[in-house]
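Reader: I want to learn to read a fold from its contacts and pairings. Take me through one, feature by feature.

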Amino acid sequence: MQNGIKVGCRIIGLANKKKRFYSADRKIPGVGISSDKKHLPIKIFLLNLRSMKPALIVHGGAWSIPAEYEAAHLAGVTKAIADIYPHLQTGMSALDAVEAAVKILEEDPTFDAGRGAFLNARGEIELDAMIMDGATLSFGAVAGVQNILHPVTLARKVMEQTEHCFLIGTGAQLFAQQMGIECLPTEQLLTERELKFYERIKNDPSFYSHQPFEPHPHGTVGAVALDVRGHLAAATSTGGTPRKLPGRVGDSPIVGAGTYADDQLGAASATGWGESIMKVLMTKTACDLLINRSAFAAAQTAVEILSRRVHGWGGIILIDRNGHYGFAHNTSKMAFAYMDESRGIIARIRC
Ligand code: ASP
């Protein structure tokens, strides 16, 4: 075997009976070749020689976060980076990192995800989440689930424990039970802030769910990571929009709309008005734009497309395959944080 660490799958090559041996000095990146004494059979080891600097970025929602909630939003996104980035440095996978980061944000009642989620028009909490693995393009998603603190974990179980990608409502709930996921009483997810907000808006005919300047914390959460092996992943979790119709599903659990990851391009998580974000498949659009743009320009252009094509509102965080960050929003604010190699954790409330 050539120099390098043997990682990943092993392919046993066919014997070359005409003695045309594979040349050991042929430079195939990521591929090592070994053979026995007679060069038969030739074993080709796929090597993962990429050792990347990991990258991690999270968001805690866009819209018009009131000044008095800014500190809580910044503290929440900072904690997610501070807790998870060190693990990424020591080899945690991007998939594990985005799930763990989103779980921290789901637990935090500041955000509209897990604990702290909005109530729908019937006064219930319905949660959506998705997770995607950029290495395989596998993803798992759930929508309209109730009484679960970590829908992102349920989404991952859909990806890994079923032959499906997306479960909704009763079926998703049943699957959660089968997976032994704890069913919490509504009071453990509901905050006083959201109950008061619901009471105020439930019969207000002038209220609609995507008022970009309504000063209320809208905190969908998302995370995007690149691990040391060069794999990307993204995850998003949300309670959706306030006073949404029961059964309404936003962009967050829709592949390419609220969440996308592809090792060959980049990975992204979106937040904002789901009905507009899904029309332009904003995260997939942003990833495709990485073909000929920087991460920063791809995020900016994706949000420009959202504004121009569908008069939408929202924001996006992304990482390209080389670990560069991109972020943009056309709402007045977006809470986000990322690990900067030289400056440490950067947490911001607007770009
Ligand atoms: N995008 C989410 C949805 O439409 C809401 C948000 O990000 O604020 O469900």
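Reader: Start with strand S9 (residues 232-238). How many of its residues are buried?

Author: This is a predicted model, so read each value as computed from it. To judge a strand, count its buried residues. In S9, seven of its seven residues are buried.

Reader: Which residues lie on which side of S9?

Author: Sort the strand by face. Leu232, Ala234, Thr236 and Thr238 are on one side of S9. Ala233, Ala235 and Ser237 are on the other. Both faces are covered.

Reader: Which strands pair with S9?

Author: Look for bridges, then direction. Strand S5 (residues 127-133) is joined to S9 by six bridges and runs antiparallel to it. Strand S8 (residues 221-226) also pairs with S9 over six bridges, in the antiparallel sense.

Reader: How many residues separate S8 and S9?

Author: Five residues lie between them, and the two strands form a hairpin.

Reader: How are S14 and S15 joined?

Author: Strand S14 (residues 336-340) and strand S15 (residues 344-348) run antiparallel, with five bridges. They form a hairpin with three residues between them. Methionine 339 stands opposite isoleucine 345 in S15.

Reader: Back to H1. Is its proline 86 buried or exposed?

Author: Count neighbours. Proline 86 lies in helix H1 (residues 67-89). Proline 86 has 12 C-beta neighbours inside 10 Å, so it counts as exposed. The cut-off for exposed is 12 or fewer. Distance in sequence and in space are separate matters: proline 86 and proline 54 are 32 residues apart in sequence, and 9.5 Å apart in space, C-alpha to C-alpha.

Reader: What is the strand order of the four-strand sheet?

Author: The order is S10-S11-S12-S13, an open sheet with antiparallel pairing. Strand S10 (259-262) and strand S13 (325-329) each have a single partner strand, so one side of each is left without a neighbour in the sheet. The twist averages 10° from one strand to the next.

Reader: Which helices cover it, and where do S10 and S11 bridge?

Author: Helix H7 (residues 282-289) packs on the sheet, touching S10, S11 and strand S12 (314-320), at about 145° to the direction of S11. Helix H8 (residues 295-310) lies across S11, S12 and S13, at about 155° to S12. Four bridges join S10 to strand S11 (residues 266-272), which run antiparallel. Among them, aspartate 262 has glycine 266 in S11 as its bridge partner.

Reader: How many residues does the largest nonpolar core have?

Author: Nonpolar side chains tend to be buried together in soluble globular proteins. Here the largest nonpolar core has 98 residues. Leu56, Val58, Val98, Ala101 and Ile316 have the most contacts inside it. Helix H2 (residues 94-107) gives the largest share, nine residues. Beyond four places away in sequence, alanine 101 touches Leu56, Val58, Ala80, Ile84 and Ala223.

Reader: At what angle do H2 and H3 pack?

Author: Compare axes, then residues. H2 and helix H3 (residues 151-161) pack at about 150°, with axes 8 Å apart. Glu99, Val102, Lys103 and Glu106 of H2 meet Val152, Thr153 and Arg156 of H3. By class, that contact has two nonpolar, one polar and four charged residues.

How values were computed: Residues numbered from 1 in each chain as written. Predicted model: local features only at pLDDT ≥ 70, side-chain atom pairs only at ≥ 80, totals over all residues. Core = buried A, V, L, I, M, F, W, Y, C linked by C-beta atoms within 7 Å. Buried ≥ 20, exposed ≤ 12 C-beta atoms within 10 Å, placed from the backbone. Contact = placed C-beta atoms within 7 Å. Axes fitted to C-alpha atoms, helices over the stretch in contact; angles between N-to-C directions. Nonpolar A, V, L, I, M, F, W, Y, C, P; charged D, E, K, R; others polar. Pairing = 2+ DSSP bridges.
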